[in-house]
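This report describes the architecture of one protein model, working from its strand pairings to its ligand site. The sequence and structure are shown first.

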Amino acid sequence: VARQRSEALDFLRRDARAEPRGLSSAEMSPLWGSRQRLPAFALGPQICAAIRRHQVTLILGATGCGKTTQVPQFILEDFLQRSAHCRIVATQPRRISAVSVAERVAKERNTRLGESVSFKIRFEDKIEDTTQVVFCTVGILLKVMQSNPNLDGATHIIVDEVHERDLHTDFLLILLRRVLNERPDLKLVLMSATVDPSAFQSYFEGIHTVSIPGKTNFPIQELFLEEILPKLPDRPGWRRSGKSNSKGSMGQKPLPVPQDERALAEALQLPMDLATDLAWVHQQRPEDIDYELVVQVVQMIHGSNEPGGILIFMPGWFELPTWEQQAIFAPQSGRKVVVATVLAETSITVEDIVYVVDCGRSRSTFLNEDTKISALRTVWYSKANGFQRRGRAGRCRPGVWFRLFSSLQWEAMDEYQLPEMQRSPLEELCLEVASLQLGRPVDFLAEALSPPSKEVLQHALELLHRLGAVTDAEGHSLTPLGEQLARLQVHPMLGKLLLLSVPFRCHNQMLTICASLGYKSPFQCPMGMEKAANQARLNLAQKSRSDLIALVNAYEGWRVGKRDFARRNFLSHETLDYIHRLREDLRSTSREVLSTVPEDHTDPDDLAEACKAVLTAGLFPNLAWLQRRGKGKSISGLPVVVHPGSVNSTEEWSTVVFYEIQETSNRFLYDSTVVGLAPSLLFAPSRSWREVHRGKRVVVELEQSWHVAVDVQVADELFKLRQLVANFLD
Ligand code: ADP
Ligand code: MG
């Protein structure tokens, strides 16, 4: 069954039957004229010649010059002219860009989506027999390579936006470099607007670089904060506090720029009042977003009565549900204001954007190398991100790039972001390397463009070893448990939750929990309605004191009540719909992996207890002890706070397990569940059990400096039960 499934996934091996429509249809398209005006267009023949002559080609060119939309068409047209067949796979960093680029290119070719150009993303496959250009996510291509490692059937692989350096793309590049040796006929094309070519030039032997000259279609005015501030109608409140409003030591330090107003006035030749404001801005940490400033800039643009849409780049996960994402592409008569994250940075063109308002921050996962805790963190972006954002303006008419930081801050920023492989946890990747039998993860990942640190790798392998997924701490091979975890295709921690849910008879609940934790939370908290949203979540949690059980109840309610239920309970219908699809997928893979799944508990209290036991056992060591109003310490001694949106935000004197920490203004716990002492003693892998007080009490050491004392008889019972669980997992 698994084999059939993976073959159905492999669109490369499907036979191309019918002849695609020829060149003439593209020339008939109303967009033919605008294609011809793109800077890339004149270079079409040169690009094709380079690709024909070299196995690997790097194409550089300013944003908007036509790389993403034109290069696949150049190759296609080159083949059509010679009546030859090609199959081009072009990866995109995100689902939304794969879809929107495919739609655009189909329109440019005057064809129906699927006819010669199409896309494939998870759960959506628009490929037909005649499709010759496929836009897909990196994840999809990696999946195809599991069953078709040499990419038989593909003639060209295009990796777009290679500057992003995300974990999956870097992993893909290691595999592709190996495939190129096996398949001398396969062509690889890398594309980016803002990449350091030298790194790639030494990585791919004999790589040929083509630079597309020329700027973007229209000029872009570039403004720094010192130029924006004097234009604002007023600047209230800025000097009110006089000091940075950041608390604690979360996140990045301020950039190394002068914070003294006199030095600033001199360095930038500014009047004193402006220098004072700027000095204050310079003290800000990246997480101190000045929303007031953003609003003022937008109001100023709107007040100017000049036409054009505004694209605002914010760092966070602004929960933009899919329908809202689609809506941004529809031209509107009023002023369009789009709030976006890094998502809008690459590959997509929102048609009438003229103004880009850029906070200069991004949010991504960082692994703290000391504590080994990974956290979502808001950081100053790199200049490369900035150039990408600038490129979102001026696509259809002259634009303005409002940078909400000073020229000195810009100069202090890094040129490029640290590749994800060097800042994120690696256990999922190591599990994948081991399951694909690519050798020791340490050796395999040493072949990466930017190999990860030995220490982080070691930590990932230890974690897998502790989970019982690999046979030894080197990650040579997988245990039977590890094989099951790899086949489940979720984070190993979530996989373990799924496996444990079987003996604890709460499999359906855990499917929902894992689908959501692996994707995102459906809970929404619209600005100004926080109270009502929190109350809705509390109602859903009933008496469970668990965000995850609230989530299960939300999903169950939504299955019956759909959109209406979602609206009433501050849930995203679109997110739940996607969670549902992920859950169905996970359910069928679980069925293949697990031999039998017994009926779940029917009593709601039993179910909740079972879920808590599984969460305790599976999420360890993500455990924290709360003292006052949601504040407490994690098991490794770090101060933590339950996120205010959680049902446990006012919990006192209790133990919680959690899945994720996000560091913003505080170290916030998301998705927490209060667990009793018994489950944590029962299922958390503890270090030692020690009898004290003349054999009357037993002290259990859960982790360094985390001790619990229990009655000796209770301890005895607990110990026996622990053995039972351990035996089951073995
Ligand atoms: P690059 O990849 O070099 O940044 P693209 O190929 O994405 O450039 O886009 C080239 C040009 O095509 C854009 O500058 C824009 O004028 C036009 N374009 C691309 N996609 C769309 C779209 N969805 N709607 C309107 N115009 C688009
Ligand atoms: Mg592009």
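This is a predicted model: local features need pLDDT of at least 70, side-chain atom pairs count only at pLDDT 80 or more; totals for chains, interfaces and linings use all residues.

Strand 16 (residues 623–626) and strand 17 (residues 631–634) run antiparallel and are joined by three bridges. Within the pair, L626 has G632 in strand 17 as its bridge partner. The two strands form a hairpin with four residues between them, and R629 in the turn has a positive phi of about 40°.

Strand 17 continues the pattern on to strand 18 (residues 639–642), again antiparallel and again through three bridges. Here K633 is the bridge partner of P639 in strand 18. This second hairpin also has four residues between its strands, and G637 in the turn has a positive phi of about 95°.

Strand 16 is also paired with strand 19, in the antiparallel sense and over four bridges; A624 stands opposite V656 of strand 19. Strand 19 (residues 654–663) has eight of its 10 residues buried, so the rest of the structure largely encloses it. Strand 20 (residues 667–675) pairs with strand 19 in the antiparallel sense over eight bridges, and these two strands form a hairpin with three residues between them. In that pairing, F658 has S672 in strand 20 as its bridge partner. Strand 14 (residues 374–380) pairs with strand 19 as well, but in the parallel sense and over three bridges, with L376 and Q662 as bridge partners.

The table collects the pairings of this region.

| Strands | Sense | Bridges | Bridge partners |
|---|---|---|---|
| Strand 16 and strand 17 | antiparallel | three bridges | L626 and G632 |
| Strand 17 and strand 18 | antiparallel | three bridges | K633 and P639 |
| Strand 19 and strand 20 | antiparallel | eight bridges | F658 and S672 |
| Strand 14 and strand 19 | parallel | three bridges | L376 and Q662 |

One has eight strands in the order 4-3-5-2-6-7-1-8, and its pairing is mixed. Strand 4 (124–125) and strand 8 (208–212) are the edges of this sheet; each has a single partner strand, so one side of each is left without a neighbour in the sheet. The partner of strand 4 is strand 3 (residues 117–121), and the two pair in the antiparallel sense over two bridges, where I121 has E124 as its bridge partner. Helix 4 (residues 44–53) packs on the sheet and touches strand 1 (56–61), strand 7 (187–192) and strand 8, its direction making about 170° with that of strand 8.

The other open sheet is formed by five strands in the order 9-15-12-10-11, with parallel pairing. Its edge strands are strand 9 (220–223) and strand 11 (337–340), each of which pairs on one side only. Neighbouring strands are turned against each other by 15° on average, direction ignored. Inside the sheet, strand 10 (residues 309–313) and strand 12 (residues 353–358) run parallel and are joined by five bridges; G309 stands opposite I353.

Helix 16 (residues 383–390) lies across strand 9, strand 10, strand 12 and strand 15 (399–403), at about 155° to strand 12. The loop between helix 16 and strand 15 contains G391. This glycine is buried, with 23 other C-beta atoms within 10 Å. The C-alpha atoms of G391 and S595, which are 204 residues apart along the chain, are separated by 52 Å.

Elsewhere, the axes of helix 18 (residues 427–435) and helix 20 (residues 454–467) come within 9 Å and cross at roughly 70°. Helix 18 is therefore roughly perpendicular to helix 20. In their contact, E427, C430 and L431 of helix 18 meet A460, L461, L463 and L464 of helix 20. By class, this contact has six nonpolar residues, no polar residues and one charged residue.

Ligand 1 is surrounded by 17 residues, the closest being G64, K67, T68, T69 and T349. Helix 5 (67–81) and helix 6 (95–108) are the elements that give two or more residues to this shell; the largest share, four residues, comes from helix 5. By class, the shell has 10 polar, four charged and three nonpolar residues.

For the protein as a whole, the secondary structure comes to 29 helices and 23 strands. Of its 730 residues, 44% count as buried. Among contacts with a separation of 6 or more, 71% are between residues 24 or more positions apart.

Key: Residues are numbered from 1 along each chain as its sequence is written. Chains are lettered from A and ligands numbered from 1 in the order in which they are written. A residue is near a molecule or strand if its C-beta atom, placed from the backbone, lies within 6 Å of it. Ala, Val, Leu, Ile, Met, Phe, Trp, Tyr, Cys and Pro count as nonpolar, Asp, Glu, Lys and Arg as charged, and the others, Gly among them, as polar. Two strands pair if DSSP finds at least two bridges between them. Axes are lines fitted to C-alpha atoms, for helices over the stretch in contact, and angles run from 0 to 180 degrees between N-to-C directions. Two residues are in contact if their C-beta atoms, placed from the backbone, lie within 7 Å. Angles under 35 degrees count as roughly parallel, over 145 as roughly antiparallel, 65 to 115 as roughly perpendicular and the rest as oblique. A residue is buried if 20 or more other C-beta atoms lie within 10 Å of its own, exposed if 12 or fewer, and partly exposed in between; C-beta atoms are placed from the backbone.
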